[in-house]
Amino acid sequence: MAIENTLSIIKPDATRRNLTGAINSYFEKQGLQIVAQKRLQLTKAMAERFYEVHKARPFYNDLVNFMISAPVVVQVLRGENAVLKNREIMGATNPADAAAGTIRKDFAESVEANSVHGSDSADNAAKEIAFFFAEIELTL
Ligand code: CMP
């Protein structure tokens with residue numbers, strides 16, 4: 001297995017409830033390192049571009065508006081098989097389907113307000129990391 005980087009976003013429902021530290025402890029306890037992290041307020045244009053792949057989906061406008069409703073924390077997680085491992089730590093997109101002990105089971109409010117985003121492939125991880133972070137921020 002290879003050491004990978006993956007992009008994670010702690011979403012507005014979670015920052016609003018002051019859950020950044022609680023969520024970060026799930027990553028760290030399960031062997032992922034937080035190698036870069038920043039809290040920011042997404043603009044509408046940024047959220048639209050980030051979720052462009054979902055543009056045709058009925059939930060797109062609501063998703064964009066939700067993602068700009070409060071600050072987010074964007075972060076790069078690193079570890080063995082980090083893309084897949086983070087998806088296991090997060091749990092299923094819909095918290096109703098998420099396994100016990102996952103972030104979404106423990107914290108998510110709904111399929112939209114589901115507390116975290118994680119890249120779904122190594123290719124998308126590289127694109128999503130480059131969307132939020134400059135190379136100089138990823139040297140450690
Ligand atoms: P995320 O991993 O950020 O990627 C796309 C997001 O769309 C997803 O998590 C959900 O929060 C959101 N979303 C909202 N409604 C739906 C839906 N009906 N099905 C799937 N994803 C949805």
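**Pocket, aromatic pairs and selected residues in a predicted model**

Asparagine 24 is found in helix α2. The model described here is predicted. With a relative accessibility of 10%, asparagine 24 counts as buried, because the cut-off for that class is under 20% relative accessible area. A distance was also computed from asparagine 24 to alanine 82. The two residues are 58 apart in sequence, and their C-alpha atoms lie 14 Å apart in space.

Most residues other than glycine have a negative phi. Asparagine 18 sits in the loop between α1 (12-16) and α2 (20-29). At 70% relative accessibility, asparagine 18 counts as exposed. The class follows because exposed means over 50% relative accessible area. Asparagine 81 also has a positive phi, of about 55°, although it is not a glycine. Its place is in the loop between β3 (72-80) and α5 (82-90). Asparagine 81 has a relative accessible area of 26%, so it is partly exposed.

Glutamate 4 and asparagine 81 are 77 residues apart along the chain, yet their C-alpha atoms are separated by 5.7 Å. Glutamate 4 is found in strand β1, which covers residues 3-10. The relative accessible area of glutamate 4 is 22%, so this residue is partly exposed.

The next feature is the largest pocket. Rolling a probe the size of a water molecule over the atoms shows where empty space is left. The volume of the largest pocket is about 670 Å³. Its lining is made up of 23 residues. Of these, Tyr51, Val53, His54, His117 and Glu128 lie nearest the centre of the pocket. Three elements each supply at least two lining residues: α3 (44-50), β4 (116-118) and α7 (122-132). Helix α7 gives the most, with 4 residues. Sorted by class, the lining has 10 charged, 7 nonpolar and 6 polar residues.

Two of the residues nearest the pocket centre, His117 and Glu128, are also joined to each other. Their side chains make a polar contact of 3.0 Å. Histidine 117 lies in strand β4. The relative accessibility of histidine 117 is 12%, so the residue counts as buried.

Serine 115 belongs to the loop between α6 (103-107) and β4. Its relative accessible area is 0%, so serine 115 is buried. The side chain of serine 115 makes a polar contact of 2.8 Å with the side chain of aspartate 13.

Helix α7 also holds asparagine 124. This residue is partly exposed, because its relative accessible area is 26%. The side chain of asparagine 124 makes a polar contact with the side chain of aspartate 120, at 2.7 Å. Asparagine 124 and leucine 7 are 117 residues apart in sequence. In space, 8.7 Å lies between their C-alpha atoms.

The structure holds 5 aromatic pairs. One of them is formed by phenylalanine 50 and phenylalanine 132, with 5.4 Å from centre to centre and 45° between the planes. Phenylalanine 50 and phenylalanine 132 are both buried. One aromatic cluster is formed by Phe50, Tyr51, Phe131 and Phe132. Tyr51 is also among the residues nearest the centre of the largest pocket. A charged residue meets a ring as well: lysine 38 lies over the face of phenylalanine 133, at 4.5 Å from the ring centre.

Notes:
Residues numbered from 1 in each chain as written. Predicted model: local features only at pLDDT ≥ 70, side-chain atom pairs only at ≥ 80, totals over all residues. Heavy atoms only, no water. 1 Å grid on protein atoms, 1.4 Å probe; cavity = no way out; pocket = protein on both sides within 12 Å on 5 of 7 lines; lining within 4 Å. Points joined across faces, edges and corners; volume = space filled by probe spheres on them. Nonpolar A, V, L, I, M, F, W, Y, C, P; charged D, E, K, R; others polar. Phe/Tyr/Trp six-rings, centres within 6.5 Å; stacked < 30°, edge-to-face > 60°. Buried < 20%, exposed > 50% of the residue type's maximum accessible area, 1.4 Å probe, protein only. Lys NZ or Arg CZ within 6 Å of the ring centre and 35° of its normal. Polar contact = N/O pair within 3.5 Å; in protein donor to acceptor, adjacent residues only side chain to side chain.
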